[in-house]
Amino acid sequence: MGRNIRKCRRRSVSFRYFRLISLFPLLFFLSASAQEEHWALVAPSRPRLPEVKAASWVRNPIDRFILARLESENLRPSPEADRGALLRRVTLDLTGLPPTIAELEAFLADRAPNAYEKVVDRLLASPRYGERMAFRWLDAARYADTNGYQIDGERSMWRWRDWVIEAFNRNLSYDRFIIEQLAGDLLPGATMETRLATAFNRNHRTNSEDGIVPEEYAVEYVVDRVDTFSTVFMGLTVGCARCHNHKYDPISQRDYYRLYAYFNNIAEDGRASNYGNSPPWMVAPTREQAAELARLDRAMERARNRLAALAVRHRAQERRWERTLADQSLQWFPGENLVLHHPLDEGAEPVIGATEQIDPAKPEVTPIRKAEQKKDEIGFKNGAARYVDAPTGRGAAFDGNVFYDAGKTANFNFRDRLRDYKDQFAISAWFYPESATSGAIVTHMQDAAGETDGGLPKGRGYGLFFVNGKLHFNIVSVWADDAFRTETAEALELRKWHHVVAVFDSTEPYEKAGIYVNGRKARLNINLGRLFRTFGDANANLRIGGGGGPEFRFKGAIDEVRIYKSVPDREELAILSTPESLDRIARIPPAQRTEAQRLKLRRAYWEIAAPDQMRALWADINNLRGQRSRLEAELPTVMVMQELSEARPAYVLKRGAYDMPGERVERGAPSVLPQIAKSEPNNRLGLARWLVRSDHPLTARVAVNRFWSMFFGAGLVRTPEDFGEQGEAPTHPELLDWLAVEFRELGWDVKALLKLIVTSAAYRQSSHIAPDVFAKDPENRLLARAPRLRLPAEMIRDSALFASGLLVEKLGGPSVKPYQPPGLYKDMVFSNMTEYDQAKDEGLWRRSIYTYWKRTVMPPGMHIFDASARENCTVREPRTNTPLQALNLMNDVAYVEAARLLAARMIKEGGVAPEDRLKWAFRLLTARQPGEGELRILLDNLHAQIKHFRERPEAALQLLATGEKRVELQMDAADAAGYTATASLLLNLDEAVTRQ
């Protein structure tokens, strides 16, 4: 019994102990809130400039703070850097590229007191500045060209990247930069550009795997937005409060979900498309494309005005033509983009046209042609046709057994492997339902019996059905979770002729399907709105009155079936629902004709009977419309934010689990921070404006800290992602606050702030490390010298391309695929995605900001030099030093090719003597002349390399054939190869890949 008592006591002690431990986070949170506020949560105020002894060193207020700290530690700042080193440093820091020799010589020759300031102004005005600044922002915004996760299919977000580059180049104020990216769609008078900016919120990874729970990943996407928002703009680890109250900072779980509520209000599905963009998205033409669209619109407007004027002039002739119609029976409907037309008259055959999606690379419109199938492959099946009276004349009766097989046509696809097809199509038909379950009107799917749901077949493809008294238009890849299925909200009258136009428009983010009944848009119930993949079935046939199995064969009558590979405009919809033939309309007095009848008669006249000039104008209008459609098919899209009409409720998720909602919460700022003003809208726009208020303690501090780190290798706070209790305290707190206030009072002017930093004496210091300073401050936290930093990945590659003359400088555009090891994808991605379509032209040599970024297999040359995979928000720039980096610089095709072209430049531009050529190249790469010992080493290497290649001529030819760029040199192959090998050595110099 004693043993059992001891066991019970131990259990009792353990239970009390664990209860105490479980309460620790709450106790810590409550005690922390009672303590003095953390420095980062108090709004910064401008501190007084400190007094310093060596005031002559000071160039601007920044230097007073740096110098005061150094003097307190009995240290002195370093002398100013050599002018060549300083020019190279600031040029790399502000443009991401080194200076040219001409720029170096011009700066060295300019002895004006403001020579350096003039250089800074020139660099800030360069378009290269925007590209340099944008690269780091892309890391923070987790930008990539693929979706991530298992499939990691391609997406298109590059138009947002171009927006960022342009925003930096035009010096968009930082407060506006924040507001447009967080809430540009909610701004009064929102434009395409401000809506485009909100792609910042949609750069996160999206999952398209079949086995996921979409609701779970919908939560993950919002979580990503909240965590990115908090890290980038506030430098807080708010994400730690997703599952429980933050253990270190005064942020509760409730605070977390109040922020979550701001980002939870878009119609975003948790399951994304395998490839391409997922809604909500928008079309975002480039400036050139927008200009071309405007030109086409102006040309169409001019042509329409001229046609209208001619119509007035030839009105009498049009009336005479109308009178001639009395002696003939003539039907007419629009024929542009017609894929299939079957009038279903006795003895009539279908006219079948091009079924392929318009390809922007092959813009010709394939003419309508007769069916190419054998006669026995198309026609009525399971019996002969019987004909009945119909609105347009005669129609075919369907008895639930007979159907019309039109063969393999109209197989629309929606997507291919890597891009949206931007498919559009429309089905127009008259139908007479005998019963509430009359069945299939027009389908493109298998006709075998299979599973059904709600009286409809679950097969792949598309189909227009009359079931349960309603029209159903279904586009199906997988019935349960990959389809767009709709039905009319109201039932239709039985035993009566109706006209229907069912349209599918994949360019619409939400309403991809629409149904027009008797010329009016029907209100729809969307039974499933998740269409991710192709629904096309190359083995299925197009059927009228059939499809989906024998039980769905139509009971009633169908007439005048037309399928278009475009969406009809308003006038065309009216004409399609007007059954009267031209002669019947002509017999109606003009004043009594409906608007649709007038349109039908007028358009038919312009097409078939008007004077040559009018017909030519009408043809021009249709040609221009075709050009516009083909251009629209090329337009890039981008995923953006778009608010739901009604706010979606948000809940505290217990333990952060998507399926465990707890207390409902309203939108709001964390309680420890100033609250959003009641005068502001309580949405993302109000949240964005709250960030840039003067009393917000974090936004300006976090921004200037990140800008500072670009120039000094680390921020004044060395944990840019964490300004909280677990982050490092600022090394110069007064300077951080002074910069934050100054930034705000400069009107959030980024260029002005950067100029202030790079013109300071602190920035201009030499990077030489004095032994006594190193002993006291090995990590350079006191900034007694300029940091010596290995260049980031993109600058190393871009500098090599620039020095070699290979760099293609062109702002913006789609991502490009430069060199990468062949077969890299084969063992690392899905079998149908192993191809890497390497660029064959200028794409090989564009700046690294435009490199195609695949999250799961990021560009290896970037990865080796510590670039971010961009799977998550990254605001700290790591630097490592590994043997792989040296091997990459010596062996990567990009660098070997750059060495070839640098050698060519040495030979052509560096002079005649080998010494002069080597001096020229050394100066180009380092902004200084080589010392005598350095030059001797380079000359010895050059001679040794030439000797090596003279003995191995095949190796010389192999080296000179590396890369796609060809260059002719008037010298022996061994000499050229020797210069190439020496150029490679120069590109590998520590000084060439380091910012001094």
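In this predicted model, the largest nonpolar core contains 181 residues. Trp 137, Trp 160 and Tyr 174 are the residues with the most contacts inside this core. Among the helices, α27, which spans residues 893-909, gives the most to the core, contributing ten residues. When neighbours within four places in sequence are left aside, Trp 137 is in contact with both Trp 160 and Tyr 174.

Two packed helices are described by the angle between their axes and the distance between the axes. Helix α12 (residues 287-313) and helix α17 (residues 612-634) have axes that come within 9 Å and cross at roughly 160 degrees. Because this angle is over 145 degrees, α12 is roughly antiparallel to α17. The crossing of these two helices, α12 and α17, is left-handed. Their contact is made up of 14 nonpolar, three polar and nine charged residues.

A further pair is formed by helix α3 (residues 83-95) and helix α4 (residues 101-109), whose axes lie 10 Å apart at an angle of about 125 degrees. This angle makes α3 oblique to α4, and the crossing of α3 and α4 is right-handed. In α3, the residues Arg 83, Gly 84 and Leu 87 meet Glu 103, Leu 104, Phe 107 and Leu 108 of α4. By class, the contact of α3 with α4 consists of four nonpolar residues, one polar residue and two charged residues.

Key: Residues numbered from 1 in each chain as written. Predicted model: local features only at pLDDT ≥ 70, side-chain atom pairs only at ≥ 80, totals over all residues. Heavy atoms only, no water. Axes fitted to C-alpha atoms, helices over the stretch in contact; angles between N-to-C directions. Helix = DSSP H or I, 4+ residues; strand = E, 2+ residues; numbered from the N terminus. Parallel < 35°, antiparallel > 145°, perpendicular 65-115°, else oblique. Left-handed = near helix turned anticlockwise from the far one by under 90°. Nonpolar A, V, L, I, M, F, W, Y, C, P; charged D, E, K, R; others polar. Core = buried A, V, L, I, M, F, W, Y, C linked by side-chain atoms within 4.5 Å. Buried < 20%, exposed > 50% of the residue type's maximum accessible area, 1.4 Å probe, protein only. Contact = heavy atoms within 4.5 Å.
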